[in-house]
Amino acid sequence: MINTVLCDLPYSIKATYTINDDNSYTIFINNKLGFEEQQIAYKHELEHINRGDLFSTKDADIIENILNKSGG
Ligand SMILES: [Zn+2]
């Protein structure tokens with residue numbers, strides 16, 4: 001299960017996510033983004049979850065580069 005929360009994040013962070021104690025996920029979307037940007041950010045975080053990035057030993061910057069190159 002994936003929860004989505006709009007919240008007040010710094011401008012530099014469009015969205016982030018966390019795994020909860022019950023193994024559900026929560027995606028946090030920056031409420032400063034426009035609607036379309038929120039959709040894009042949401043899909044981006046979903047890609048991380050689908051890849052299991054939270055449990056990956058890869059460097060976060062490398063993961064970001066892979067996702068950005070794939071258009072996410
Ligand atoms: Zn990302």
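**The hairpin and its core**

Guide: N23 counts as exposed because it has 7 C-beta neighbours inside 10 Å; a residue is exposed with 12 or fewer other C-beta atoms within 10 Å of its own, buried with 20 or more, and partly exposed in between, with C-beta atoms placed from the backbone. This is a predicted model, in which local features need pLDDT of at least 70 and side-chain atom pairs count only at pLDDT 80 or more, while totals for chains, interfaces and linings use all residues. Residues are numbered from 1 along each chain as its sequence is written.

N23 lies in the loop between β2 and β3; strands are DSSP runs of E of at least two residues, and helices runs of H or I of at least four, numbered from the N terminus. The two strands form a hairpin with five residues between them. Phi of N23 is near 70°. Most residues other than glycine have a negative phi.

β2 and β3 pair in the antiparallel sense over five bridges, where pairing requires at least two DSSP bridges. In this pairing Y17 stands opposite I27. β3 also runs parallel to β1 (residues 2–7), joined by six bridges, and there L6 stands opposite I29.

The largest nonpolar core consists of six residues: A15, Y17, I27, F28, I29 and A41. Such a core is a set of buried Ala, Val, Leu, Ile, Met, Phe, Trp, Tyr and Cys residues joined through C-beta atoms within 7 Å. β3 gives the most, three residues. Leaving aside residues up to four places away in sequence, I29 touches T4, L6, A15, Q38, A41 and Y42, contact being C-beta atoms, placed from the backbone, within 7 Å.

Key. Two residues are in contact if their C-beta atoms, placed from the backbone, lie within 7 Å.
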